[in-house]
Amino acid sequence: MADTATTASAAAASAANTSTDAPPFQLGKPRFQQRRLREAVQLLEDYKHGTLRPGVTNEQLWSAQKIKQAILHPDTNEKIFMPFRMSGYIPFGTPIVVGLLLPNQTLASTVFWQWLNQSHNACVNYANRNATKPSPASKFIQGYLGAVISAVSIAVGLNVLVQKANKFTPATRLLVQRFVPFPAVASANICNVVLMRYGELEEGIDVLDGDGNLVGSSKIAARHALLETALTRVVLPMPILVLPPIVMSMLEKTALLQARPRLLLPVQSLVCLAAFGLALPLAISLFPQMSEAAPRIPEGVRPKLFSRTSKPLPPLQGAAKGLPLPGRPRSRGEVHGWGQANPGSSPSLAPT
């Protein structure tokens with residue numbers, strides 16, 4: 001009887017393994033090993049060049065694309081360190097958010113959590129940066145220092161102002177202090193965007209046609225890309241740093257938490273995790289990775305632009321805009337004076 005049950009369970013496990021495309025489970029090991037990643041990349045390359053072997057399903061192609069996008073940088077095709085991938089942003093970022101929202105923080109704890117948060121953000125930003133054009137390490141360091149200084153100064157300054165506000169009751173002062181991290185983090189995120197990617201405003205970013213061919217670079221596309229990135233980085237911390245203080249202020253009044261104050265930290269961690277899971281998809285979905293815009297006639301150019309095939313120019317697509325924070329939307333914007341086109345690409349933006 002026992003042998004029959006063991007045989008049945010083994011057969012069920014074997015059937016489950018053969019019916020799914022998941023790799024064998026290994027405790028403490030990443031799901032997608034190097035071989036699995038290489039297979040996914042090769043499958044997509046075969047599809048791209050029309051050499052796909054018979055029998056490959058759409059589900060396998062979607063799975064391969066998911067694996068590649070989750071692990072490899074879209075511009076460099078290099079592996080992203082696990083804590084700095086978008087898939088790792090919530091599990092590695094939630095403890096920092098919990099630390100930022102701890103009540104009754106001292107000056108030292110405020111400085112520490114703001115520094116740790118901006119350090120984590122800086123690493124995620126760099127790992128998911130726009131790598132279509134080389135950028136010196138000094139830009140990254142400059143943006144990191146600017147973000148840390150702005151976040152710490154704003155957080156400390158607001159905490160000092162709240163503590164000196166005599167009109168606030170102790171309960172009100174504690175509640176207001178919980179909202180201090182949001183303006184500090186949001187302003188630091190904007191500062192980080194401006195300092196790290198200011199060079200794109202001067203040099204422009206790559207612009208592609210509908211077939212993915214490079215047709216030039218655009219400063220206006222870069223400006224729109226930075227504006228959208230800054231907007232995304234303000235939206236992302238809003239639910240994370242605003243919703244938990246509101247929810248916790250209500251939960252702390254319940255009989256359960258008043259009788260068991262040790263549960264406050266675990267409950268706050270769960271609330272922050274839920275808010276993080278809600279905010280990240282929302283922020284990433286604000287703007288698409290590749291945005292289209294109809295080309296417009298630059299000032300001073302005769303209004304007669306043709307492609308090499310004498311057909312109307314298709315919509316242009318801006319190249320990588322970079323992680324919003326952390327997401328990777330791509331540039332969108334008004335295509336007015338995109339810049340010089342690449343003469344070797346088609347269509348050409350040269351006036352007749």
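Of the 352 residues of the chain in this predicted model, 39% count as buried, a class defined by a relative accessible area under 20%, with exposed meaning over 50% and partly exposed in between (1.4 Å probe, protein chains only). The chain exposes about 19800 Å², of which carbon and sulfur atoms supply 63%, the areas being computed by the Shrake-Rupley method with a 1.4 Å probe and, for residues, with only the protein chains shown as cover. Its secondary structure comes to 13 helices and six strands, taken as DSSP runs (H or I of at least four residues for helices, E of at least two for strands) and numbered from the N terminus. Among contacts (heavy atoms within 4.5 Å) with a separation of 6 or more, residues 24 or more positions apart account for 73%.

Residues are numbered from 1 along each chain as its sequence is written. Local features need a pLDDT of at least 70 and side-chain atom pairs count only at pLDDT 80 or more, whereas totals for chains, interfaces and linings use all residues, and side-chain values use heavy atoms, with hydrogens and water left out.

The pLDDT, the predictor's confidence in each residue on a scale from 0 to 100, averages 74 over the chain, and 71% of the residues score at least 70. Over residues 1–20 the pLDDT stays under 50, and the model has zero contacts beyond four places in sequence for this segment; over residues 297–352 the pLDDT likewise stays under 50, but the model has 180 such contacts there. Where pLDDT is low, the predicted coordinates should not be read in detail.

Helix H2 (residues 34–48) contains Asp 46, which is buried yet has no salt bridge, the nearest side chain of opposite charge being that of Arg 53 at 5.1 Å. A salt bridge requires a side-chain nitrogen of Lys or Arg within 4 Å of a carboxyl oxygen of Asp or Glu. When residues up to four places away in sequence are not counted, Asp 46 touches Thr 51 and Leu 52. Glu 39 is also found in helix H2 and is partly exposed, with a relative accessible area of 39%; Glu 39 and Lys 68, 29 residues apart in sequence, lie 9.9 Å apart, C-alpha to C-alpha.

Ile 190, Val 194, Tyr 198 and Leu 201 make a nonpolar surface patch of about 310 Å², patches being made of residues with over 30% relative accessible area and no salt bridge, with nonpolar side chains (Val, Leu, Ile, Met, Phe, Trp, Tyr) joined within 5 Å and like charges within 9 Å. Helix H8 (181–196) and helix H9 (198–203) each supply at least two residues of the patch. Leu 201, found in helix H9, counts as partly exposed because its relative accessibility is 31%.

Key. Lys, Arg positive; Asp, Glu negative; His and termini not counted.
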